Amino acid sequence: MKKMKSLNIRNFAIIVVLLGMVGFAFAPAADRITVKGSDTMVILAQKWAEVYMKSNPNAAIQVTGGGSGVGISALINGATDIANASRKMKPTEKEKLKARYNTLGVEVACAKDGITVYLHPSNKVKELSIKQLSEIFKGNIKNWKEVGGADAEIKLYGRENSSGTYVFFQENVVKGDYAPSCQTLPGTAAVVNAVKKDPNAIGYGGAAYAEGIEICKVKKDDNSPAYLATAETIKNNEYPITRYLFMYLRNKPTGAMKSYIDWILSPEGQKLVIEMGYFPVK
Amino acid sequence: MKRFTMITLLLVSALFYNAKAQDATVNEKLTEVNDKVTGLTERLATDEADLSKLTKIKVSGYIQAQYQSFDSPSAVPNNAFSIRRARVKFTYEATDGIKFVLQPDFAPAGLSVKDAYVVLNDRWTKSFSLTAGKFNRPNYEVEYSSSQREMVERSALIRALYPGERAIGAKLEFNPQNLPLHLQIALLNGGEGYTVKKIDGTVIYDGTKENTDYDKYKDIMVRATYNLSLGSFGGLDLGAHGYFGSIRANSTKLMSSDYKTITDIKVGDAMKKNWVGAEFQLFADILGGMSLKGEYIAGKNISAVGFNQIDAVAAVAAVAEVKDANGVVTTKGVPAVAEVKAVPGAVNVQNYFSGYYLYFIKNLGKKNQFAFRYDYYDPNTKISGKDISGKDVVAFNADKKLNWTPKSAGKGDLATSTFGFAFHHYFDDNLRITLAYDMVKYEKVSAAGVVKDSYTANDGKSGTLDYNNTLKNNTITLRIQAKF
């Protein structure tokens, strides 16, 4: 008792045998890959899957959206093999993954994106600073005339809180709570549609979805030049709302999963990134 | 021709009238639909507002039903079904940064409130949070959810130091945004787990039920953890915690667990219970995820809060008052005094302890998990099993004239070690089935008959457990857990 007791021989032998047993247990390689998560990334993920399956007929890749939070929850629950996320995993999510799978997960940056601010084409306002965007989405600036536009009430459209874009925009632009009047919509396409129909609307989302609406130039601060999200401005870090898009895995990829991830990061996979309106990681 | 023109005119007029009438009907219909849409939009807005309130309430919980078989001959019954936990957790996020949590346990043994606290998050730096109410004490195994834990129960060390896991108090946490550091400091009542009795056996304070403190002394707990990244290999979490508390003395003797050192103290003095611990958790992405976790804690605790003896008082017969003829008292009357029998007091006991646990956990694919744990707890590091000889060498028997109950080393001083393993199968995120086996070993004493327990077995036969022998004390558990 005065000394700490060590394991006795019998217990030690049992440990050695059991450790030996489990040591040979490899994580099974996935035959069928399920991908779930970010709505921002869903069209890109679907394109990757479609093209990859054409050249690899044995591969079966199933892609669904739902939002980054939903994808990460599915990864933790074992309901998906890859979680697409347009934000980084939160520490609380990492803790849950640790508790369930005893790993910290694997983060793969697979594309870059500029969060685009959508306006109606009739809107006189063509550029906004980060501070102005923050005040608009907090609900402190309520009328377009306060930022050089017409005398009309600003209508806010955004994503649901399970969306990585919602979180990223909140943490990097709004820097506070969204205004209660901000209407949340399920998916970037829905935000684009809402802005298309409403002359006084403003919304945000991935650059790849910006069709039929006016893209607002964004300034880092009042004295900075305003930029559109382009491959050049994102590569040069000039566009102020740039982010990486991630794929999260539970473990280091092996087998079919590794081949798929390697292909996504290859020039062929990254070419599709550009084709779909996103920006390559390198 | 005139007649034909008239008919044509009439027909055109009728068609024009009909078209106008149709226009009017369409306009009416449009207005009606527009009104309906406006009405529905308003209703939708109201419903959305109501629904958004409901989304602030989260309900989660789990039920653990189990079958256990015990091989100890003294276990009666030696096998049983039971509900280990039946908890529902209600979380209400009133506004961003304010959270209320209430978690009752509906297990048939008795309804109890496991958690009841409010959390206030700092909305500016997003790094601080303040928790007040009844919550888990800051310790790795304590804070690790029972629904997630890889062994069916916490280690013996943690069960002894933090009975019931929760305490009432306030806790300040610091989680800097850009640093994987977590600091916790808590101020707690500290009476949880103590039962304090009066000399006649009446319970003054039952820490398992009380909603308040036994004394004025508040206990402080601190814990710091840091997460180190090991790149693609995994991660290492390192931490340390300390408990610095006191409990009010209820008798004038404080005995060390060497059963020799006795200190005179006053009733009401603070008796220290201080310990420190170090912990680690290593996570490695090797063949599908594994972890190694351990913690070592040592220090001194108060294992018993005593009470003072009552000294004997002899009976005194009453003496009647006598007066003379003038009414002057010549003999003063004395009331009778009843005899009071001496009752021995009980010392407060301060025990020096140490213990540790070590887990090895391995995930096997997405659905299965193996876990092993070795844990060791020595409630008294001042005496080993071989010192307990039955020869009053270490018995507290001092000051017999003061009528104190002798106290000597016994079963409560023996160390226990438990080797356990468990296999879990996850049917899905909600359902987990566990097969666990725990082998508990007690430290042996020096000679037969020194420490023993009498029992009546399941078959009605009597027997004795002698702690000089290796005792059977293994448990097999088959548990199903449903979580939502």
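# A guided tour of chains A and B

Start by selecting A:Tyr260: apart from its neighbours within four places in sequence, this residue is in contact (heavy atoms within 4.5 Å) with A:Ile33, A:Ala45, A:Trp48, A:Ala49, A:Tyr52, A:Ile61 and A:Ile82. You are looking at a predicted model, where local features need pLDDT of at least 70, side-chain atom pairs count only at pLDDT 80 or more, and totals for chains, interfaces and linings use all residues. Residues are numbered from 1 along each chain as its sequence is written, chains are lettered from A and ligands numbered from 1 in the order in which they are written, and side-chain values use heavy atoms, with hydrogens and water left out.

**Stop 1: the core around A:Tyr260**

Together with A:Tyr260, they have the most contacts inside the largest nonpolar core, which has 40 residues. A nonpolar core is a set of buried Ala, Val, Leu, Ile, Met, Phe, Trp, Tyr and Cys residues joined through side-chain atoms within 4.5 Å. Buried means under 20% relative accessible area, exposed means over 50%, and partly exposed is in between (1.4 Å probe, protein chains only). Among the elements giving two or more residues to this core are strand 1 (32-37), helix 2 (42-55) and helix 9 (255-265) of chain A. Helices (H or I, at least four residues) and strands (E, at least two) are DSSP runs, numbered from the N terminus. Helix 2 of chain A gives the largest share, six residues. A second, separate core has 34 residues, including A:Val117, A:Val125, A:Ile130 and A:Phe168. In soluble globular proteins, nonpolar side chains tend to be buried together.

**Stop 2: helix 6 of chain A**

Select residues 164-174 of chain A. Nine of the eleven residues in this helix are buried, so helix 6 is largely enclosed by the rest of the structure. Among the buried ones are A:Tyr166, A:Phe168 and A:Phe169. What do the buried residues of helix 6 pack against? Their partners in chain A include helix 3 (68-77), helix 5 (130-138) and strand 8 (201-206).

**Stop 3: all of chain A**

Zoom out to see ten helices and eleven strands in chain A. Of its 282 residues, 52% are buried. Among contacts in chain A between residues at least 6 apart in sequence, 74% join residues at least 24 apart.

**Stop 4**

Next, find A:Asn102 in the loop between helix 4 (91-101) and strand 4 of chain A. Is A:Asn102 buried or exposed? At 0% relative accessibility, A:Asn102 counts as buried. Its contacts beyond four places in sequence include A:Leu97, B:Glu150, B:Phe283, B:Met290, B:Lys293 and B:Gln369.

**Stop 5: all of chain B**

The C-alpha trace of chain B spans about 155 × 90 × 55 Å along its principal axes. Buried residues make up 41% of chain B.

**Stop 6: B:Lys441**

Finish at B:Lys441, in strand 21 (residues 431-442) of chain B. With 35% relative accessibility, B:Lys441 counts as partly exposed.
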